[in-house]
Amino acid sequence: MPNAALTEKTDVVLIGAGIMSATLGALLRQLQPDWSMTVFERLDAAAAESSDPWNNAGTGHSALCELNYSPQRPDGSVDVSKAIDINERFQVSRQFWAYAVENGVLTDPSRFINPIPHVSFVHGADDVTYLRKRYEALAPHPLFPGMEFIDSPDEFARRLPLMARGRDFSEPVALNWTDAGTDIDFGSLTKELLAYMGASGAEIAFGHEVRNLSKQSDGSWKVTVRNLRTRRTRTLVAKFVFVGAGGGALPLLQKSGISEIKGFAGFPVSGQFLRCVNPDLINRHEAKVYGKAAVGAPPMSVPHLDTRVINGTPGLLFGPYAGWTPKFLKDGKFSDLFKSIKPGNLTPMLGVGVTELGLVKYLVAELMKSQQGRVYTMEEFIPRAEARDWELITAGQRVQMIRRKGVGGVLELGTAVISAQDGTIAGLLGASPGASTCVTAMLDVLQRCFPQEYAGWTPKLKEMVPSLGVKLSENQALFAEVWDWTSKALELNRDATPAAAGVASAR
């Protein structure tokens, strides 16, 4: 039987059924419900890679607790500019999710977002001094209301009983605490957005792998897709293509041949966590607690003890522990890294190999850790941690972005939208804070790729994101207004997690 099929036509192709494609698709369904849309996912389920709730920490990254977003300057002061920027982006996501709940795009918000305290934790006199300076820089800021500085052992023990048990408080400890944080199940959120898209006419095709992208003379894209179950090939011609394939985005953008991807490379890092299997411990901790990366370790290694809420059930993770594989996806191939090496990105990759020796040393040390060694690392957070209470899980692959800089390259730990000059194709590279800032990233895609339509879309976009085009950090009244609205719509004023009662009794 012949394998070829007739060429189909569609307005939009979204590659990957993760949070980025789902967000862009939902935005476009609101803006252009008459456009045809097809989503291709190589796996048999949505959000099965980095968007899966056990493949990430679920932190609503708003820089409330992540210390790598507020580094200390050489003069001892604290730079909070990146923290403010990250927080601004997360507020955009909150607004779209609130709109989506109120307009039937999303259903019960407790399925994907829950209030959880966000906490920064340090120990040692120097780091306590740093944390106080961080607090003094952020607490007066409009986007960080209610932040507390805590250096009392008694108050530490009251709020974090699991971390206090067995701790030697002769060493100074301190916390930056805020009740304004959230835990997000990006898997559930992704599935709800895709369900809305499917119900409104989009085709969602699982078990379909995009094999090639080629530009046509009229500016459209020929998309070659393999059905992994039937082995048949589909061919579509799309006016616009978005590559939201996580670690698989770089190879596909390279296949597209767009000049904008030249000079970009990727370095894969595996994430691992210890997942708690003791319900008593889970019920004695209700917070996302972030510490400082060890001296010489990269920002991606920041340790954190995270309360999770997945399908209404509380959980507890500690990590990350890094591993390494040349795969670009958790379900990828060992040849992924090597196939991504091109003449245009070889020099940046070699340059990073020379300048990031600290990362190499860190990865080697992580790979050599035993289970007991991992538990020993966790004792900084849980002094009486026992290996029997935890199991090791492998989380999603993260492909850190390497960008050409000068004659060499630089390893970047953020996210970047890559788009062709004519706006017919775009993709996303990089990792954290990715998912938490997905709406900002996809609004960037819309503005870059649909400049003619964007002006007409603006009134609708402002309905979905009232702060569009305004810095909330510079408009306290508007921030207060959208904060109250989103908190109510997302039901974030409810009691925190199902673990709350257990924590209260432990206090």
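This is a predicted model: local features need pLDDT of at least 70, side-chain atom pairs count only at pLDDT 80 or more; totals for chains, interfaces and linings use all residues.
**View 1. Strand β10 and its two partners.** Here we're looking at β10 (residues 221-227), which is largely enclosed by the rest of the structure, because six of its seven residues are buried. On one side sits β9 (residues 208-215), which runs antiparallel to β10 and is joined to it by seven bridges. Look for V210 standing opposite V225 of β10. Strand β11 (residues 233-243) also pairs with β10 in the antiparallel sense, this time over six bridges. In that pairing, W221 stands opposite A238 of β11.

**View 2. The turns on either end of β10.** Five residues lie between the strands in the hairpin of β9 and β10, and G219 takes a positive phi near 95° there. The hairpin of β10 and β11 has five residues between its strands too, with R231 in the turn at a positive phi of about 70°.

View 3. I341 comes from the loop between α9 (336-340) and α10 (343-355). With 35% relative accessibility, I341 counts as partly exposed.

View 4. T437 belongs to the loop between β19 (425-430) and α13 (438-449). Setting aside neighbours within four places in sequence, T437 touches I86, R89, F90 and S93. T313, in strand β15 (residues 313-323), is partly exposed at 48% relative accessible area. T313 and E286 are 27 residues apart in sequence, and their C-alpha atoms are 13 Å apart in space.

Methods
Residues are numbered from 1 along each chain as its sequence is written. Side-chain values use heavy atoms; hydrogens and water are left out. Helices (H or I, at least four residues) and strands (E, at least two) are DSSP runs, numbered from the N terminus. Buried means under 20% relative accessible area, exposed over 50%, partly exposed in between (1.4 Å probe, protein chains only). Contact means heavy atoms within 4.5 Å. Two strands pair if DSSP finds at least two bridges between them.
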